[in-house]
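I opened the notebook to go through the fold by its elements. My notes follow the display.

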Amino acid sequence: MHFKLTEEIIDLSTAKNWELAKREWSFDLAYYSDELLTCLCGHYPIKNICVIVNVTNKMSTEVGNCCIKKFLGIDDGDKIFTSIKKLKEDITKSMSAEVIDYVYKKNGISDFEHTFYIDTYRKRNLSVKQLDVKKRINEKFLKFTSYETNSQFSKINLILSWAQNNPNFDTDFVLSIRKSCEKNGRLTEKQVTAIDNIIKKFGIGK
């Protein structure tokens, strides 16, 4: 499994030496899947998925959280998955400060929601209204880190990666959809259909 992972990562990297290639990759985002998925190394099943991006060629790929820590030394996903687990068990609990900042920087929550959460996440006694706002933000975070939302991101990134080798393709529309997904946490049915039609029309990923 270790060999398969290093082989896959090297194939996606600029450098063709493992020690150099693994330095090209950085953490992008994390999501939890209720469906059982397969890691890039071939391990099955996994539910905690990290998306990593190559800083030299902008390629992206998905790796299980255990492998990304063990072989790439990236542990950014740990606190995110801890918060996901905590909130799935009790939606009134709090994310950590690092996770609040993470989802804010990813445009998963608004300026107001970020400020509100930072001001209240350590407080034990909230008013009914404050608790409702907190629960809404927590639900937004869970949706943002869901398989559904991130499978949509994966399709968008697949098209954009393909477009790097197809300069005649206008990426403005796809970039606008990605921005919409980042803002709203998911795509509309029409946007999903549009993305699927682009992939089908150009045979992307085949």
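**Helices on the sheet**

Contact here means heavy atoms within 4.5 Å. Axes are lines fitted to C-alpha atoms, for helices over the stretch in contact, and angles run from 0 to 180 degrees between N-to-C directions. Helices (H or I, at least four residues) and strands (E, at least two) are DSSP runs, numbered from the N terminus.

**Basis of the model**

I noted that this is a predicted model: local features need pLDDT of at least 70, side-chain atom pairs count only at pLDDT 80 or more, and totals for chains, interfaces and linings use all residues. Residues are numbered from 1 along each chain as its sequence is written, and side-chain values use heavy atoms, with hydrogens and water left out.

**Whole chain**

I counted the elements next: the protein chain has 10 helices and three strands. From the N terminus they run α-α-β-β-β-α-α-α-α-α-α-α-α. The C-alpha atoms fill a box of roughly 55 × 40 × 30 Å along the principal axes. A compact globule of 206 residues would have one near 17 Å, and the 18 Å of the protein chain agrees. That radius is taken over C-alpha atoms, and the globule rule is 2.2 Å times the number of residues to the power 0.38.

Two strands pair if DSSP finds at least two bridges between them.

I listed the bridges by pair. Strand 1 and strand 2 run antiparallel and are joined by eight bridges. Y31 has I49 as its bridge partner in strand 2. Strand 2 (residues 46-54) and strand 3 pair over five bridges, again in the antiparallel sense. In strand 3, I49 stands opposite G64, V51 has E62 as its bridge partner, and V53 is opposite S60.

**Loops and backbone**

Which peptide bond is cis? I found it from Y44 to P45, with omega near 5°. P45 is in the loop between strand 1 and strand 2.

Strand 2 and strand 3 form a hairpin with five residues between them. Phi of K58 is near 70°, a positive value in a residue other than glycine.

**Helix pairs**

I looked at helix 5 (residues 97-105) and helix 6 (residues 111-120). They pack at an angle of about 175°, with axes 10 Å apart. Helix 5 and helix 6 are therefore roughly antiparallel. Angles under 35 degrees count as roughly parallel, over 145 as roughly antiparallel, 65 to 115 as roughly perpendicular and the rest as oblique. I100, D101 and Y104 of helix 5 meet D111, H114, Y117 and I118 of helix 6. These divide into four nonpolar, one polar and two charged residues. Ala, Val, Leu, Ile, Met, Phe, Trp, Tyr, Cys and Pro count as nonpolar, Asp, Glu, Lys and Arg as charged, and the others, Gly among them, as polar.

Helix 8 supplies Q152, K155, I156, L158, I159 and W162, and helix 10 supplies V192, I195, D196, I198, I199 and F202. This contact has nine nonpolar, one polar and two charged residues.
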